[in-house]
Amino acid sequence: MIHYGLLGTGLMGAPLGDRLLGSGSPLTVYNRTPEKTDALAVQGATVAPTPEDVLEIADVIVMMVTDAAAVAELVLSEGSRSRLYGKTLVQMGTIAPGESRNLMAQVEEAGGSYWEAPVLGSIPEAREGNLIVMVGSTPAQFEAAAPLLQCFSPQPHYIGTVGQAMALKLALNQLIAGLTSTFALSLAFIQGQGVEVEQFMAIVRDSAVYAPTFDKKLKRMVEQDFSNPNFPTQHLLKDTRLFLTAAQGLGLETTGLAGVEPILERAIALGLGQSDYSALFAALQQQL
């Protein structure tokens with residue numbers, strides 16, 4: 001039986017851990033904030049005091065942490081490198097394509113294997129095992145990973161080599177930033193002009209410009225309630241910056257998305273960094 005490890009038990013990591021435990025396989029977890037492992041421990045996970053301990057005992061290690069620097073801190077320290085031999089590391093957090101390829105090179109140099117599986121979806125989908133999982137790996141790795149992937153998604157998607165799945169994930173998150181910011185601007189504009197919100201939405205819903213995310217975020221924006229986030233503002237800013245850097249490296253014109261970056265920065269300055277990313281609506285209405 002495969003022994004799974006999980007590095008990162010935050011907003012998304014915790015429900016991934018639930019799914020792994022539900023598979024019946026043993027699970028060892030680590031988080032820099034130990035209290036965030038308590039719920040998984042109650043359900044039967046073993047809590048490790050260090051990431052090195054996870055690497056020592058687990059065969060396949062799932063990583064769901066903030067960024068590439070956090071991944072490197074956990075698995076590429078001197079103590080961790082010596083434990084990578086024969087281990088499989090699965091990067092599920094969103095990082096840049098180049099960062100993912102660099103991590104693969106270092107893990108393979110230490111005798112381990114590495115592939116990526118970023119996801120689209122949030123906490124409810126993670127809990128239900130209905131995430132959209134995009135895999136960057138070799139075909140053989142994808143085939144071998146079926147039992148793991150099916151914990152998280154009914155139909156994982158094989159995208160291509162390491163880096164390509166991360167590129168697709170950033171492209172999707174760029175759409176999130178773009179769609180949410182343009183909708184928020186239109187909503188703030190019609191409110192400022194005294195147009196009824198429901199009149200606006202009735203026409204939008206019946207048009208070719210409609211996207212389901214508009215209704216998903218409408219209530220939060222109208223009520224200015226950005227609590228209990230599935231995806232915090234600070235994470236969307238991080239992913240927006242990753243996309244901008246990668247896209248500019250390809251010589252693409254990124255002016256449109258670049259305009260969203262200061263809106264997200266303003267939301268964070270307003271104290272909304274850990275709130276739902278629809279908080280950019282508040283930033284559009286307030287000048288610092």
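How do α11 and α12 run relative to each other, roughly parallel or roughly antiparallel? The close-ups below come from a predicted model, and the first one takes up that question.

**View 1. Helices α11 and α12 side by side.** Helix α11 covers residues 197-205 and helix α12 covers residues 212-223. Their axes come within 12 Å and cross at roughly 170°. Angles over 145 degrees count as roughly antiparallel, and that's why α11 and α12 get this label. Look for Val197, Met201, Val204 and Arg205 on the α11 side, where they meet Phe214, Asp215, Leu218 and Val222 of α12. Sort the residues of this contact by type and you get six nonpolar, no polar and two charged.

**View 2. Strand β8 with strands β7 and β9.** Now turn to β9 (residues 157-160), which pairs with β8 in the parallel sense over three bridges. Within that pairing, Val135 has Tyr158 as its bridge partner.

**View 3. Gly136, a buried glycine in β8.** Is Gly136 buried or exposed? Its relative accessibility is 0%, so it counts as buried. Gly160 is 24 residues away from Gly136 in sequence, yet their C-alpha atoms are 5.0 Å apart in space. Skip the neighbours within four places in sequence, and Gly136 is in contact with Trp115, Glu116, Gly160, Thr161, Val162 and Ala165.

**View 4. Ser122 in the loop between β7 and α7.** With a relative accessible area of 9%, Ser122 is buried. Setting aside residues up to four places away in sequence, Ser122 touches Met12, Leu131, Lys216 and Asn230.

**View 5. Helix α1 and what covers it.** In α1 (residues 13-22), the buried residues are Gly13, Pro15, Leu16, Gly17, Leu20 and Leu21. What covers them? The cover includes the strands β1, β2 and β4, along with the helices α2, α7 and α9. Just past the end of α1 sits Gly24, with a positive phi of about 90°.

**View 6. Helix α13 from end to end.** This helix has 17 residues, numbered 233-249. From first C-alpha to last, α13 reaches 24 Å, close to the 24 Å expected at 1.5 Å a residue. Its buried residues include Thr233, Leu236, Leu237, Phe243 and Ala247, and also the charged pair of names Lys238 and Asp239. Among the elements that cover the buried residues are α6, α10, α14 and α15. Just after α13 comes Gly251, whose phi is positive at about 80°.

**View 7. Gln224 and Asn228 in the loop between α12 and α13.** What makes these two worth a look? Most residues other than glycine have a negative phi. Gln224, though, has a positive phi near 55°, and the phi of Asn228 is positive too, near 50°. Gln224 counts as partly exposed, at 37% relative accessibility. Asn228 is exposed, with a relative accessible area of 64%.

Note on methods
Residues are numbered from 1 along each chain as its sequence is written. This is a predicted model: local features need pLDDT of at least 70, side-chain atom pairs count only at pLDDT 80 or more; totals for chains, interfaces and linings use all residues. Side-chain values use heavy atoms; hydrogens and water are left out. Two strands pair if DSSP finds at least two bridges between them. Helices (H or I, at least four residues) and strands (E, at least two) are DSSP runs, numbered from the N terminus. Axes are lines fitted to C-alpha atoms, for helices over the stretch in contact, and angles run from 0 to 180 degrees between N-to-C directions. Angles under 35 degrees count as roughly parallel, over 145 as roughly antiparallel, 65 to 115 as roughly perpendicular and the rest as oblique. Contact means heavy atoms within 4.5 Å. The expected span of a helix is 1.5 Å times one less than its number of residues. Buried means under 20% relative accessible area, exposed over 50%, partly exposed in between (1.4 Å probe, protein chains only).
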